[in-house]
Amino acid sequence: MTGLVLKDIRKSYGQVKVIHGVDLEIRQGEFVVFVGPSGCGKSTLLRMIAGLEDITSGEMWIDGQKVNDVPPSKRGIAMVFQSYALYPHMTVYDNMAFGMRIAGESREEIDRRVKSAAAILQLEPYLDRLPKALSGGQRQRVAIGRAICRDPKVFLFDEPLSNLDAALRVATRIEIAKLNESMPDTTMIYVTHDQVEAMTLADRIVVLSAGKIEQVGPPLELYERPANLFVARFIGSPAMNIMPATIETTGASTGITLKDGSRVTVDVATEASEKGKKASFGVRPEDLTIAKGDNALFEGTVSIVEQLGEVTLLYVDGPVEDEPIVVKLQGIADVKKGEKLRFAADPHRLHLFDEAGRTYRR
């Protein structure tokens with residue numbers, strides 16, 4: 001059974017349109033992550049699913065029921081917010097049980113659900129503590145546990161880890177991944193701006209921009225086959241390098257000329273009518289290597305070297321004015337600032353975009 005269906009969903013605040021006709025189908029048990037820049041509408045869309053924002057037009061269905069006019073408490077949804085929103089005077093147990101008590105559940109059922117959720121989230125030693133006696137990560141797990149106790153059809157997470165430090169983010173992200181595995185029939189929708197969270201947690205990622213969906217797909221599909229320039233730049237860290245190019249030849253593979261005169265073969269097919277047209281050429285930082293032969297893609301001067309231990313990042317002044325090319329090398333690289341180097345890449349790992357920013361497919 002389908003978990004959630006959005007049909008031409010739109011949202012306006014007066015004359016200001018913020019969601020522009022979103023169509024999306026999320027299967028039961030799927031973990032879907034909404035990503036996009038600030039102001040793209042991802043949190044607004046999540047709040048519309050929760051019923052916290054009215055739908056201006058379109059239809060929303062949860063498990064076959066149209067829910068446009070169904071109040072939040074009747075949608076079978078539980079939401080975990082960026083802030084923990086715990087009652088400071090209540091113990092962990094009472095915070096997790098509060099919603100069920102309001103709903104009139106029996107004492108036995110409340111106890112069963114709280115203890116089950118506490119076991120899943122490793123909160124059993126903390127049930128008698130007040131929130132002030134917990135770490136940030138533990139408080140967020142209590143907020144997640146409170147949502148679990150409601151036994152929802154759909155979980156909504158609105159940037160739940162953004163208030164945690166780096167170590168706690170990793171630990172809590174692992175807890176959420178385990179939670180997803182322990183509840184395979186529960187649909188989960190997660191909003192984040194964090195690339196690692198999106199790539200590691202999602203079954204599918206929904207990339208949003210200015211209230212519209214740019215691409216939907218599994219994480220590696222978006223990474224390896226972005227639909228357009230926006231997705232190519234947004235997915236991946238550091239971002240894909242983009243350079244202006246001119247299409248030179250056509251056929252099974254396509255030749256392009258970069259601004260500095262370099263000629264490159266890209267493993268995509270174009271029509272004969274595309275010859276001579278302006279385009280954009282993309283290569284990910286990790287797909288660039290220091291050229292050892294005559295197969296150089298471009299030449300540039302290293303302006304900054306960042307030694308991070310597991311990787312070395314080079315910022316290279318090359319074919320694009322006022323925008324360095326980023327090269328990501330594995331391990332510690334013996335490269336010095338000011339060196340002039342040539343760089344190469346596998347033609348099968350290169351990307352080509354037309355003037356409108358759409359990807360030429362392989």
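A pocket here is an open set of grid points with protein on both sides within 12 Å along at least five of seven lines, and its lining residues have an atom within 4 Å of a point. The model itself is predicted.

Start with the second largest pocket. About 300 Å³ of space lies in it. Its lining consists of Ser73, Gly76, Ile77, Gly99, Met100, Ile102, Ala103, Glu105, Arg113, Arg150 and Pro152. Helix α2 gives the largest share of this lining, four residues. Sorted by class, the lining has five nonpolar, three polar and three charged residues.

Now move to the largest pocket. Its space comes to about 420 Å³. There are 19 lining residues, and Ala78, Met79, Phe81, Arg146 and Arg150 lie nearest the centre. Arg150 is also listed in the lining of the second largest pocket. Three elements each supply at least two lining residues: β6 (77–80), α2 (92–103) and α4 (136–149). Strand β6 gives the most, with four residues. By class, the lining of the largest pocket splits into 14 nonpolar, three polar and two charged residues.

Which residues of α2 are buried? They are Val92, Tyr93, Asn95, Met96, Ala97 and Met100. An α-helix has 3.6 residues a turn, so residues three or four places apart point the same way. The cover over the buried residues of α2 includes α3 (107–120) and α4. Met100 is one of the buried residues, and Met100 also lines the second largest pocket. After α2 comes Gly104, whose phi is positive, near 85°.

One cavity of 30 Å³ or more is counted. The largest cavity has a volume of about 40 Å³. Around it stand Val35, His193, Asp194, Gln195, Ala198, Met199, Phe234 and Ile235. Helix α6 contributes the largest share of this lining, three residues. The lining of the largest cavity is made up of five nonpolar, two polar and one charged residue.

In one of them, Asp194 pairs with Arg169, and the closest N and O atoms are 3.3 Å apart. Asp194 sits in the loop between β8 (187–191) and α6 (195–201), while Arg169 is in helix α5 (residues 166–182), so the pair ties together parts that are 25 residues apart in sequence. Is Arg169 buried or exposed? Arg169 counts as buried because its relative accessibility is 17%, and buried means under 20%.

Arg263 and Glu248 form another salt bridge, with the closest N and O atoms 3.2 Å apart. This pair links distant parts of the chain, 15 residues apart: Arg263 belongs to strand β13 (residues 263–266), and Glu248 to the loop between β11 (241–247) and β12 (254–258). Arg263 has a relative accessible area of 63%, so it is exposed. Glu248, at 23% relative accessibility, counts as partly exposed.

A further salt bridge joins the side chains of Asp287 and Arg349, at 3.5 Å from N to O. Again distant parts of the chain are linked, here 62 residues apart: Asp287 lies in the loop between β14 (278–283) and β15 (289–290), and Arg349 in the loop between β19 (340–344) and β20 (351–353). Asp287 is buried because its relative accessible area is 16%. Arg349 is partly exposed, with a value of 31%.

Salt bridges can also share partners. Glu105, Glu109, Arg112 and Arg113 are joined in this way into one network.

How many disulfides are counted? The count is zero. Cys40 has 2% relative accessibility, so it counts as buried. Cys149 is also buried, because its relative accessibility is 1%.

Note on methods. Residues are numbered from 1 along each chain as its sequence is written. This is a predicted model: local features need pLDDT of at least 70, side-chain atom pairs count only at pLDDT 80 or more; totals for chains, interfaces and linings use all residues. Side-chain values use heavy atoms; hydrogens and water are left out. On a 1 Å grid over the protein atoms alone, a cavity is a set of points where a 1.4 Å probe fits but cannot get out, and a pocket is an open set with protein on both sides within 12 Å along at least five of seven lines; lining residues have an atom within 4 Å of a point. Grid points are joined across faces, edges and corners, and a volume is the space filled by probe spheres set on the points. Ala, Val, Leu, Ile, Met, Phe, Trp, Tyr, Cys and Pro count as nonpolar, Asp, Glu, Lys and Arg as charged, and the others, Gly among them, as polar. A disulfide is a pair of cysteine sulfur atoms within 2.5 Å. Buried means under 20% relative accessible area, exposed over 50%, partly exposed in between (1.4 Å probe, protein chains only). Contact means heavy atoms within 4.5 Å. A salt bridge is a side-chain nitrogen of Lys or Arg within 4 Å of a carboxyl oxygen of Asp or Glu.
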